[in-house]
Amino acid sequence: MIGRLITAAAIALCFSPATVVFSQEYPEHPQAGGAAKQVSTADISAGIKKHINTETNKSDGKFHVDHQGQDLALNLIKVHDDRLQDLGGGKYFACVDMKGTDGKTYDIDFFLTGQPGNMKVTETAVHKIDGKPLYNWREENGKWNKVPLS
């Protein structure tokens with residue numbers, strides 16, 4: 001009987017260090033609020049589509065943009081998924097084509113901030129009307145700036 005007790009104790013001691021080692025191999029899960037989620041182009045696309053849909057549903061079924069004091073009533077044609085960009089620092093760029101009630105096609109540039117599912121548009125600008133640019137983009141020291149047409 002004592003032999004069995006000693007054997008059981010020895011076996012228990014042999015396995016207890018392994019239990020301690022393995023339990024330390026997997027620490028607690030990280031707490032919320034750690035590193036920010038990586039934002040994909042699909043997240044940017046979903047963010048701009050959500051913004052356009054929300055704004056469209058607020059009014060007469062059109063997306064409204066002020067351009068040089070004129071209210072443009074627009075319908076989404078397409079999001080340029082090939083031009084979506086993560087600009088760094090939690091800022092993102094999206095470009096869309098929209099059709100105006102005046103029959104013209106507008107290329108609209110959007111800047112967004114935020115995380116997937118909660119992106120906010122911070123700037124909207126009419127970039128082209130019927131394919132004719134109103135300004136260009138130029139990169140300077142890693143930052144993209146609007147430049148007037150010469």
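K58 and E55 form a salt bridge (a side-chain nitrogen of Lys or Arg within 4 Å of a carboxyl oxygen of Asp or Glu), with 3.1 Å between the closest N and O atoms. The model is predicted, so local features need pLDDT of at least 70 and side-chain atom pairs count only at pLDDT 80 or more, while totals for chains, interfaces and linings use all residues. Residues are numbered from 1 along each chain as its sequence is written, and side-chain values use heavy atoms, with hydrogens and water left out.

The two partners sit three residues apart in helix α2, and are therefore separated by about one helical turn. Helices (H or I, at least four residues) and strands (E, at least two) are DSSP runs, numbered from the N terminus. With a relative accessible area of 61%, K58 is exposed, whereas E55, at 28%, is partly exposed; the cut-offs are under 20% for buried, over 50% for exposed and in between for partly exposed (1.4 Å probe, protein chains only).

The structure holds four salt bridges. Another of them joins R83 and D107 at 3.9 Å, N to O. This pair links distant parts of the chain, with R83 in the loop between β2 and β3 and D107 in strand β5, 24 residues apart. R83 is partly exposed at 36%, but D107 is buried at 5%. R138 also bridges to E140, where the closest N and O atoms are 3.5 Å apart; R138 is partly exposed at 44%, as is E140 at 35%.

Helix α2 itself has 18 residues and reaches 26 Å from its first C-alpha to its last, close to the 26 Å expected at 1.5 Å a residue (1.5 Å times one less than the number of residues). Its buried residues are I44, S45, G47, I48, H51, I52 and T56. The buried residues pack against β1, β2, β3, β4, β5 and β6, contact meaning heavy atoms within 4.5 Å.

Of its 20 residues, I44, I48, V96, I108, F110 and L112 touch the most other members. Elements giving two or more residues include α2, β4 and β5. Leaving aside residues up to four places away in sequence, I48 touches V79, A94, V96, F110, L112 and V121.

How values were computed: Core = buried A, V, L, I, M, F, W, Y, C linked by side-chain atoms within 4.5 Å.
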